[in-house]
Amino acid sequence: MNDSLGNASAASIPELHYPWQSTQWEKLTDVYSSGRLPHALMLSGTSGTGKKRFAGTLANLVLCEHPFDHDSATKGPSPCGHCKNCKLVGAEAHPDIRYFSPEEKSTVVKVDQIRQLNEYISKSSQQGGYKIAIICPAEAMNHNAANALLKSLEEPSQKSLILLIVDQPGRMLATIRSRCQVIDFPMPNHRQSLDWLMLALPNSSLHEDLLELAAGSPIKAYEMSESEAVTQKQSMIKDLAKVLKREATVVSVAAKWQKYELQIVLAWNVTWVQQLIRYSMTSDSQWVKDDTLLKMVQYLAGKHPAGRFYELLDKIQTSCDLVARKTNPNNQILIENLLVGWSELMQKKPV
Ligand SMILES: [Zn+2]
């Protein structure tokens, strides 16, 4: 039908939004097509739902010279993937899209970065169209940075679009929030996640395991599929059983686990304690799919009330927060503490 489409390399076609975002896409492309696109959008929702890709595709659409309407289930226009602007976007070289994120070794977006944003967004664009700034994650702006952003939100420039990607909406200043149109991005439901993951990983039989580890996020599950996460799970469960039975020491198992990716070690442990809590409260074993783990869960659930397991969960989640804040914890000690928490469950009374 269209030679230029047929001959395009796959790499030049930007990836579109995820299927569970079609409502948000339809809504925003509708306002865009009618010329009512707001100057600031807050894409808000828990991490792992694909907001960044959505923002990138929206930015691409806004810059595309020949957006086209799909005739498939995807509603709303899409970027063509072939015009000069789409090619620049595809090469991550478009001068009128800029990302603002914490710089290396930092956890915050600093005021100097937002001053640069203000200057950039106030000038006319290089290609004659929109200027787009994407702040990701926007809650990483420190107080001064957030206040500096108010300037651009209160006095928007012509043809400018600021996209704030927010994983933790509670951390955003109300003054920022009230000046943006907020679009919510909930986590897809289990069925949607599973369907997508089965298409994305047709040769895997570990979809449920991966989704479990990724706390329901199909995107994180996909990313984890390339790690050793799921194969490590079996051996980690055996290690944990040995620690509980005092057949292995906390130190030796921690030495082994610290060679794994720390976030995955923590994620599995969070999952297991959650399964323990759920079993303890319901005696329903359907969530515990591993036999060794099920034996541990049944034994421990008979020993303590659920409240005791919440203490361990808190402990592990504190470690997760430390890791998320990039505070460079000592992995060996952090994992030893986690295993000590488990082994304390073998004692009769809380310590
Ligand atoms: Zn285009």
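Helices (H or I, at least four residues) and strands (E, at least two) are DSSP runs, numbered from the N terminus. By that rule the protein chain has 16 helices and seven strands. The model is predicted: local features need pLDDT of at least 70, side-chain atom pairs count only at pLDDT 80 or more, and totals for chains, interfaces and linings use all residues. Residues are numbered from 1 along each chain as its sequence is written.

The C-alpha trace of the protein chain spans about 70 × 50 × 35 Å along its principal axes. Of its 351 residues, 36% count as buried (20 or more other C-beta atoms, placed from the backbone, within 10 Å of the residue's own). Among contacts (C-beta atoms, placed from the backbone, within 7 Å) with a separation of 6 or more, 72% join residues 24 or more positions apart.

Helix α5 (residues 111-122) packs with helix α6 (residues 143-154) at an angle of about 10 degrees, their axes 8 Å apart. Axes are lines fitted to C-alpha atoms over the stretch in contact, and angles run from 0 to 180 degrees between N-to-C directions. The two helices, α5 and α6, are therefore roughly parallel to each other (angles under 35 degrees). From α5, Val 111, Gln 113, Ile 114, Arg 115, Leu 117, Asn 118 and Ile 121 meet Asn 144, Ala 145, Ala 148, Leu 149, Lys 151 and Ser 152 of α6.

The average pLDDT (the predictor's confidence in each residue, from 0 to 100) of the protein chain is 88, and 93% of the residues score at least 70. Over residues 1-14 the pLDDT is below 50, and this stretch has 17 contacts in the model beyond near neighbours in sequence. Where pLDDT is low, the predicted coordinates should not be read in detail.

Conventions:
Parallel < 35°, antiparallel > 145°, perpendicular 65-115°, else oblique. Contact = placed C-beta atoms within 7 Å. Buried ≥ 20, exposed ≤ 12 C-beta atoms within 10 Å, placed from the backbone.
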